[in-house]
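Come and read along with me.

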Amino acid sequence: MELTKIAVASGNANKIREIKQIFKGAEIVSMQELGFEGDIPETGKTFKENAKIKAKFIAEKFGIPALGDDSGLCVDALKGGPGIYSARFSGEGDAGNRKLLLKRLEGITDRKAHFESAVCLCFPDGKTYFGFGATEGTILQEEIGNNGFGYDCLFFSKDLDKSFGLASAKEKNSVSHRYRALCDLRSKI
């Protein structure tokens, strides 16, 4: 299926930049570029449900294919948390989220974690496709590196053998949960 233009149902500039770097071959536009400045309520209970809610909203509103993504950090010792609440874990942005994560993991030695992503491509006619991806690692004791965003500087990637905070965008995108989800999606459309 040939896609020439896809709207990204996200206001997160970092996510949009990653999607543009990964999902080549189509013109990628943000929902802000289409004129939508609001937030789309993420009322789902899973990454998949939230990705679909966002993609469907933008596809129906603007009449073009829309890509929704929901992803987050899942820490074994926190029973999969912060999970779908990753971006709003502390209510104080990325730095606050990282600080709260380190506090919750104080004294815990099993720091296994993974980033998980669900992406949904929704067409104006309601047809939808999903892709899923994950990347394994552990949570570091302190922030290492300044690259990336969110929890990247606390996530030690098994694939890269270093913190996502030390990885270049190209390195991270080659193993990221979002990259794997987008590849899974592409294989289905």
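I searched the whole structure, a predicted model, and found six aromatic pairs (rings of Phe, Tyr and Trp, the last by its six-membered ring, with centres within 6.5 Å; planes under 30 degrees apart count as stacked, over 60 as edge-to-face and the rest as tilted).

I looked up Phe115 and Phe155, and their pair is tilted, at 4.6 Å centre to centre and 55° between the planes. Phe115 belongs to strand β5 (residues 112–122) and Phe155 to strand β7 (residues 155–157), so this pair ties together parts 40 residues apart in sequence. Strands here are DSSP runs of E, at least two residues, and helices are runs of H or I, at least four, numbered from the N terminus.

Is Phe115 buried or exposed? I read 5% relative accessibility, so Phe115 counts as buried (under 20% relative accessible area; exposed is over 50% and partly exposed in between, with a 1.4 Å probe and protein chains only). Phe155, at 0%, is buried too. Ring pairs also link Phe115, Phe155 and Phe164 into a cluster.

Next I noted Phe130 and Phe132, a stacked pair with 6.3 Å centre to centre and 10° between the planes. Phe130 is buried at 16% relative accessibility, whereas Phe132 is partly exposed at 38%.

Lys48 lies over the face of Phe130, 4.7 Å from the ring centre (NZ of Lys or CZ of Arg within 6 Å of the ring centre and within 35 degrees of the ring normal). I also found Lys61 over the face of Phe62, at 5.9 Å.

A note on my method: residues are numbered from 1 along each chain as its sequence is written, and side-chain values use heavy atoms, without hydrogens and water. In this predicted model, local features need pLDDT of at least 70 and side-chain atom pairs count only at pLDDT 80 or more, while totals for chains, interfaces and linings use all residues.
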